[in-house]
Amino acid sequence: MAIAIKCEKRNLFGKNASRRLRREGKIPGIFYGTGTETVPLTLDKQDVIDILRSESGENTIFKVIFESETRDTMLKMMQIDPVSDELLHADLIQVAMDKEIRVLVSFSLVGDAIGVKTEGGFIDFVTREVEVECLPRNIPESIEVDISELHMNQSLKIEEIPPPEGIRFLSDPTSIIVLVSAPTKEEEIEVEEIEEEAVEGEEVESAEAEKQEEDREEKKE
């Protein structure tokens, strides 16, 4: 179901006006795009948060309604307070549904790699997103990468992943998405130390238990 949010044109500007909006659960925003006028807006903060929390996140195409106009749009940029993580401002960009756009889409790893399950390796997730070009309606929520057949020291590159229909990958095709790495010597040493500490702990506990048993026997005598 298409998302639509209602907002109002913004007539008051400046820090004080923005603070008043935020106290009311709203945030200042701006709408712009090629061939359209730039429009300052007042947005309901929860509407923007709900879009960000949706499965498609920042790549969500939604309708913005102000006065008598309805426009297709998406979030272009957000201003976040670095201390409180509070959403302060949002930029909306108009989207033409019949024209291709470029967006970043996350990779999603699926399956259990052989190199991890049976060979003692671990997953190194190197490239977590890819730039794609497609029509707005074809933007995927994520792109699945099956890692189940990867052995130790094997990797998958962008060029090895078939793009979904109607989508072109624009990122460097030789970029490694995921790699099954072997543990480093330092990690092996750490594991050995942990195992040794566990054995030493058991030996100490055993010695203490024997000492307590000897003390009880002496008291009986």
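Trainee: What should I know about the model itself?

Mentor: It's a predicted model, where local features need pLDDT of at least 70 and side-chain atom pairs count only at pLDDT 80 or more, while totals for chains, interfaces and linings use all residues. Residues are numbered from 1 along each chain as its sequence is written, and side-chain values use heavy atoms, with hydrogens and water left out.

Trainee: Back to β9: which residue there stands opposite L104?

Mentor: That's E131. β7 also pairs with β10, in the parallel sense over four bridges, and there S108 has E144 as its bridge partner.

Trainee: Which residues touch the most other members of the largest nonpolar core?

Mentor: F107, V132, I143, F169 and I177, out of 24 residues. Such a core is a set of buried (under 20% relative accessible area, 1.4 Å probe, protein chains only) Ala, Val, Leu, Ile, Met, Phe, Trp, Tyr and Cys residues joined through side-chain atoms within 4.5 Å. β7 gives the most to this core, with four residues.

Trainee: New topic: what is the strand order in the open sheet of three strands?

Mentor: β8-β13-β11, with antiparallel pairing. The edge strands are β8 (122–125) and β11 (155–157). Four bridges join β8 to β13, and F125 stands opposite V178 in β13.

Definitions and conventions
Buried < 20%, exposed > 50% of the residue type's maximum accessible area, 1.4 Å probe, protein only. Helix = DSSP H or I, 4+ residues; strand = E, 2+ residues; numbered from the N terminus. Pairing = 2+ DSSP bridges.
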